[in-house]
Amino acid sequence: MDRLPPVLVVGAGLSGLTAALTLLQNGVPVRIIEKSFEHRQGQRGAGIAPRAMEVYHFLGVNEINRDQQPIVPLRTYRVGGKEPLQTLPMFPYCEATPSRPYMNYGLLGQDIMEGHLRKHLAKYSCFVELGTELRSFQQYSTHVEAQIGKVSDPDHPEEVINVDWLIGADGARGVVRRNIGVTFLGETRNETANLVGDLKVGGLDKDHWHIWGAMGSDLVALRPTKDLGEGGFTLFASGLGINAKTLAADHDALFKWVRTVTERDDLTFEKVYWVSDFRTNIRMANKFGDGRVFVVGDAAHVHSPAGGQGANSSIQDSFNLGWKLALVVKGLSPPSLLETYTEERLPVIAEMLKLTTFLLDKNIETDRESQGTSWGRGHEYFQLGVNYRGSRITLNEDPLGQVGVNPYGDFKVETIRSGDRAPDAPGLQPLGSLFDPKLRLFDIFKPHYHTALVFANDSMQAGPIRIELERLPRGILHSILLFPEGSNDSNHCEVDGMVVDTRGHAYDAYRVKRGQLKAVIVRPDGMVGAIVRDVRGIKRYFGMILWDMKRLETRL
């Protein structure tokens, strides 16, 4: 039996790949297996929320943000299929700000995003094992024993491995969740059947997301995508009383039905890349882990595709779990830290299910005349307000206190409390540098360490906090001294960086007044873990994350 690597990831979709990459960047070896014989095909979860763009930036997968495309306007049609009824944006356009550099939804095929993530795994000599399935596993107090086999040869002797931890990213029908005693309550919407796929279509412009009909009866939506080349469109369709399985398998029958709904005999269907049918499920696990086994993404929650929240929420599951599991694997934190994965993510996912179900019902209840309006989404779907306020591993010593808020937050109010998303701030200049101030906080935050932002007038004022930060285990923290504009501190300090906030963006975003001493601890997932004013606050926060220092010193 082989006990390495310590973590087995089951499933190589976005959530599984994100979990694997986060762990690898934390120095934790991973094995990742995928039941399918080939890598995923198709656009599928193509929407990229602004918060997901930030996560990909932190992970260094900048190809996704580079390649993403803007969402074209929606266009609905009157009876007859050719005369436009409504033309409007799906999401409101927003200008980027210093604290929010990504402010608009983008689109990129899920297959392309997964390909970029796999290339980054390869940098760590980690490769997805295709055609390999988890057949069963047994959990013990010290490890998980997993039985793995090749899908192509069910009679071949199983490979039995021991791993310390198991992450199930194997979808709603996967093995992992069903074997850890976790419920998956919710509902299946059977009133309509749905189709999704990628096609090559002639006769439509590529400047609009074309929609015919209404969700309450029959609807066809064709979204253009450059990912598939000239004439490439992604299909979403729903219908009452249709045999979606037959339409998915019989392309001639599919084309006939689409022409009937669109009333467009002039459309030509030149190629079908893939088509699949599904029923809308709205379900959530009652907890996202048990002992040494965890679930992320669709293995933990499924919902309506309305709102484009699924893939974006799934990668944030993995990003939340990854840094915590890495600290536990390294012996720096107690296993109890992993309980906060469910505690923090479950309220967010519950709110996400409410939002997406509301949108689904709104779409179904709206007639053809207003169907385009019902597809509109608000700022809350950007996920920039998603927060973990109230988590037991957050600490807020700000005089304003800890104000409760919806797990999805309030996009219009840029507050800063522990548990919130940490804002960006450009215009930072390393002290003594003569170059233009091009450094920004988002280039400092990484998934393999905490970042301590120490706001102070000079290094003398920051001294006690800086000395306390130096006591922490090497490698888990980067400490940055942030001085206000005009500072010129010549003292050399044992920190990872001393910068001047030349434009005041950092002081503004983190609500710090000139001359004030404040330390903001940003977690590896880009969330604010603590806002403290002195050494005691530093000790309190890391006392919630790490083993106590005396015990830690004996383990290192």
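Begin by selecting Arg-100, Val-413, Glu-414, Thr-415 and Ile-416, which lie nearest the centre of the second largest pocket among its 27 lining residues. A pocket is an open set of points on a 1 Å grid over the protein atoms alone, where a 1.4 Å probe fits, with protein on both sides within 12 Å along at least five of seven lines; lining residues have an atom within 4 Å of a point. The model is predicted, and local features need pLDDT of at least 70, side-chain atom pairs 80 or more, while totals for chains, interfaces and linings use all residues. Residues are numbered from 1 along each chain, and side-chain values use heavy atoms, without hydrogens and water.

Next, select the sheet. It is open and mixed, with 8 strands in the order β6-β5-β14-β15-β16-β13-β17-β20; strands are DSSP runs of E of at least two residues, helices of H or I of at least four, and two strands pair if DSSP finds at least two bridges between them. β6 (84-88) and β20 (301-302) are the edge strands; each has a single partner, so one side of each lacks a neighbour in the sheet.

Move to β5 (residues 74-77), which runs parallel to β14 (residues 209-213) and is joined to β14 by 3 bridges. Within this pair, Arg-75 has His-210 as its bridge partner.

Finally, select Val-275 in strand β17. Val-275 is buried, at 15% relative accessible area (buried means under 20%, with a 1.4 Å probe and protein chains only). Beyond four places in sequence, its contacts (heavy atoms within 4.5 Å) include Leu-195, Leu-199 and Leu-254.

Notes. Buried means under 20% relative accessible area, exposed over 50%, partly exposed in between (1.4 Å probe, protein chains only).
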